[in-house]
Amino acid sequence: MKRDAGFKHFSLTVVWSWLFLFALLPFSLVVIASWLSHHADHFVSLPFTVDNYRALNNLIYLHIFERSFVVAGIATMGCLLLGYPFAYCLARIQGVRKAVLIMLIMIPFWTSSLIRSYALIAILKARGILNSVLLGLGVIHQPLSILFTHEAVIIGLIYNLLPFMVLPILTNVERLDNRLIDAARDLGANRLTVFRKIIIPLTMPGILAGCILVFLPAMTLFYISDILGGAKSILLGNLIQNQFLITQHWPLGSAMSVMLTAVLAVLIALYAWKTRGSKNREWMA
Amino acid sequence: MDKNVVELRGVYKTIHDLDVLRNITLEVREGEFLTLLGPSGCGKTTLLRLISGFEEPTQGSISIDGKDVAGLPPHERHVHTVFQSYALFPHMTVFENIAFGLRCQKLSQADIQTRVVDILSMVKLSKFSGRKPAQLSGGQQQRVAIARAIVNRPRVLLLDEPLSSLDYRLRKTMQIELKQLQRQLGITFIFVTHDQEEALSLSDRVVVMQEGVVEQVGTPRQVYEEPMSLTVANFIGEVNVFAGKVLSADNSKQVAVEVMGKQRTTKCGLALAPGEDVHVLIRPEDVRVWGKVEVEDASEMFAGQVEEVTYKGSTVDLMVRLENNQVVAAAEFFDEDDDRLEYKIGEPVWVSWAPGWEVILKHEA
Amino acid sequence: MTQKSLAATAYLSLMYVFLYLPIIVLVLYSFNNAQYSLVWKGFTWDWYRALFENSSLWVATYHSLLLGAAAATVATGIGVLAAVSLYRYRFFGRQFLNGLIFILILSPEIVTGAALLILFTLICLPLGFLSLLISHITFCLPFVIVVAYSRLVSFDKNIFEAAKDLGASEGVIFGRIIFPLLWPALFSAWLLSFTLSLDDVIISYFVAGPEFQILPLQIYAMVRSGIKPEINALCSVLFFITLFFVLLSQLVLRKKA
């Protein structure tokens with residue numbers, strides 16, 4: 001048993017080395033950088049300082065944070081409202097059709113979201129499909145200028161992130177024990193009560209997981225706000241990208257990244273707390 | 001000449017501060033079919049894993065063929081295990097599964113071919129050698145699992161509840177097959193089960209275990225007819241337990257006890273003193289129940305009332321409540337012509353048993 | 001059909017239309033014989049031809065394919081070792097490793113990209129193929145691990161003990177038992193990594209250098225600078241290639257499941 005350790009040691013060495021060098025180390029560097037000072041030539045320098053975090057308290061930045069939260073929040077809500085019924089209906093289907101339908105959701109998931117967001121432009125712009133249809137149907141009399149507004153960004157986010165909401169809820173609903181619903185109906189609960197008191201609480205892990213999977217990227221997918229929102233729409237993702245690549249103020253960018261990660265950590269802690277003891281936690285893999 | 005192929009001395013196993021096995025001392029004789037019997041959690045599977053080498057004892061020694069095997073990995077111990085789930089390699093054919101161990105030992109292709117073909121005919125699976133496990137039935141998969149182990153000619157074959165996932169019918173068939181296979185091969189089998197009927201029908205000797213301790217080791221007949229503790233008596237078959245008091249004890253191993261006001265005399269190998277409290281055990285099939293009208297002299301019998309009658313096909317099981325409120329289980333062979341066996345609930349009856357059939361145990365708390 | 005399932009079907013159909021409409025529109029317009037208008041002016045291959053003749057795009061495509069294949073291969077290699085180690089072995093820091101992988105999956109791409117940029121600058125690695133490769137391997141790794149691990153978990157745990165019992169060393173167990181059973185999942189993971197690499201914008205944006213052009217960044221630049229019809233053609237082509245790989249991987253995975 002001891003002599004056979006060669007393969008095991010080899011595997012562990014490879015894995016640990018890679019993850020240490022290219023996961024642990026870089027993330028630690030971000031945290032460290034957030035405490036360093038700005039330097040024009042080589043991006044960061046000592047001394048350590050809290051300035052970067054203090055700088056976050058700037059009105060402009062706070063405005064951007066707030067807007068990012070709101071946009072991400074609306075996008076998440078949108079995904080939830082559209083995605084939950086979607087997942088629920090899909091879960092009820094049996095057989096081969098279901099596998100095909102699930103694959104149809106996976107395809108957007110795998111194909112470039114840049115391309116798909118670009119495709120939205122053709123639909124949303126002033127002389128785009130949406131406007132043509134609505135004008136043609138007489139629903140509106142003037143083209144809606146959706147493109148290059150926050151609304152376009154939200155639509156783009158929902159469009160891109162919907163699969164992330166649907167899949168966790170789907171696996172959760174599939175694991176729902178139908179007998180619980182039957183038991184509730186048997187005891188006299190009507191449809192609405194069953195939904196409110198049984199289905200929603202039991203699928204909460206999936207809902208929370210979906211929300212986290214949508215909310216975070218919604219704040220950081222800068223190319224979506226760039227393409228669909230234009231220069232007017234600067235969200236947190238654009239801001240961070242700016243700091244690193246344009247103004248080259250790395251410590252500030254790092255501080256923002258750390259703050260973003262802190263938000264993520266809080267959300268995950270919330271998720272863990274809400275789903276403690278729940279068997280439905282494994283929405284992933 | 002019987003020698004011990006496996007010996008355990010003072011073996012302890014502690015897992016996470018829990019004593020899973022305590023002070024196990026056991027000898028396994030060459031060529032025997034030994035069963036480790038006990039309820040879930042009694043440590044029998046752990047004991048098997050200690051012998052096979054997947055776990056090491058916390059204390060004590062294990063030797064195979066006289067050699068201490070501490071620290072020796074499983075495949076160097078010349079014992080092989082058949083797992084409960086069979087653990088067949090799903091992507092390999094039956095042939096490749098069986099040949100696996102031989103390939104690891106780097107035998108020549110010709111040798112492998114010969115040995116595998118031999119084993120296949122022994123377990124009657126020659127026609128299936130090209131199939132994958134998923135294409136086999138449960139019983140066939142089990143035979144492949146056994147073949148895969150025994151083709152390597154182990155000294156001992158360890159079987160961890162291999163029949164528990166089979167249905168009743170198949171189980172009975174496989175039990176007979178296993179027994180025949182063991183006799184044919186002459187290999188020592190150590191078999192683990194929680195099913196006492198299975199243990200009794202298959203084994204040369206049974207090791208009854210409870211909570212990490214060996215309660216009794218003996219032939220099936222010994223553990224059934226001469227249980228050495230209440231645990232063993234209760235675990236194997238059904239038993240009625242009465243409170244008794246020793247009246248007199250004789251060094252020629254006769255003992256007189258007072259049970260529920262009447263005196264009984266029986267053989268007993270224990271050293272007992274007059275006045276001592278004892279348990280008097282009697283198996284349901286040794287209990288006789290008589291209707292009030294059939295009996296003239298009921299002086300040596302106990303009065304009772306029928307509480308429950310269960311017709312079981314070959315036997316009729318009766319639950320009789322005695323005057324001291326204790327309930328006795330009686331099982332009588334059903335004889336269609338004997339209308340004395342048509343008891344009604346509530347009917348007053350007499351209960352007795354043949355003298356000398358009792359087992360006396362020292363009082364346990 | 002009952003009323004309930006009629007409503008369900010209608011809703012699902014609507015959602016699928018919503019999901020695929022932009023893409024269909026994109027493909028349609030890639031054949032539209034008009035430069036900027038969205039009115040249909042006739043079928044044409046012009047934009048595909050223009051695409052074909054755009055040599056800088058070819059270079060970028062070649063680079064992306066090379067990068068994708070390399071990253072997918074290395075990520076699959078390291079990932080399978082990681083998944084097997086997590087599944088089979090007990091070792092010091094196992095929970096920590098789990099946590100690290102978890103962080104890697106959930107970490108916003110921006111943070112990952114920035115973090116890697118800082119690292120590369122620190123060790124004075126010039127931004128180019130190598131920095132891209134390392135970054136792509138790193139973000140593909142968790143996906144490979146998750147795919148491989150969930151497949152491993154579906155095996156009967158006892159077969160590894162049975163193999164050990166019969167004399168197999170760890171290497172033999174990996175080569176003759178784990179790998180043959182795992183390879184469909186690994187193939188699927190490879191394809192997943194390949195497509196993720198092909199489509200990555202954010203991380204690549206941070207760690208790409210001027211010499212090694214890759215496709216997603218080129219498309220991004222093109223899109224930002226204004227709508228050109230060739231982009232439609234390009235995006236359509238890429239979409240169908242990715243679609244092909246997705247279908248392939250799902251088929252393989254399902255067939256062997």
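What percentage of the 257 residues of chain C count as buried? The share is 44%, where a buried residue has 20 or more other C-beta atoms, placed from the backbone, within 10 Å of its own.

The model is predicted: local features need pLDDT of at least 70, side-chain atom pairs count only at pLDDT 80 or more, and totals for chains, interfaces and linings use all residues. Residues are numbered from 1 along each chain as its sequence is written, while chains are lettered from A and ligands numbered from 1 in the order in which they are written.

**View 1. Helices of chain C.** Chain C contains eleven helices and zero strands; helices (H or I, at least four residues) and strands (E, at least two) are DSSP runs, numbered from the N terminus. Its C-alpha trace spans about 70 × 65 × 30 Å along the principal axes. Among contacts in chain C between residues at least 6 apart in sequence, 81% join residues at least 24 apart, a contact being two residues whose C-beta atoms, placed from the backbone, lie within 7 Å.

**View 2. The open antiparallel sheet of chain B.** Four strands of chain B form this open sheet in the order β2-β1-β4-β5, with antiparallel pairing; two strands pair if DSSP finds at least two bridges between them. Strands β2 (18-29) and β5 (67-68) of chain B stand at the edges with a single partner strand each, so one side of each lacks a neighbour in the sheet. Five bridges link β1 (residues 4-15) and β4 (residues 59-64) of chain B, and B:Tyr12 lies opposite B:Gln59 in β4(B).

**View 3. Strand β8 of chain B and its parallel partners.** In β8 (residues 188-193) of chain B, six of six residues are buried. One side carries B:Thr188, B:Ile190 and B:Val192, and the other B:Phe189, B:Phe191 and B:Thr193. Strand β3 (residues 33-37) of chain B runs parallel to β8(B) over five bridges, with B:Thr35 as the bridge partner of B:Phe191. Strand β7 (residues 156-160) of chain B is likewise joined to β8(B) by five bridges in parallel, and B:Leu157 stands opposite B:Phe189. From β7(B), the chain crosses through helix α5 (residues 168-185) of chain B to β8(B) in a right-handed β-α-β crossover, meaning that, with the strands pointing away from the viewer, the path from the first strand over the helix to the second runs clockwise.

**View 4. The contact between chains B and C.** Here 17 residues of chain B are in contact with 14 residues of chain C. On the chain B side, β6 (79-82) and α2 (94-104) are the elements that give two or more residues, and α2(B) gives the most, with three.

Definitions and conventions
A residue is buried if 20 or more other C-beta atoms lie within 10 Å of its own, exposed if 12 or fewer, and partly exposed in between; C-beta atoms are placed from the backbone.
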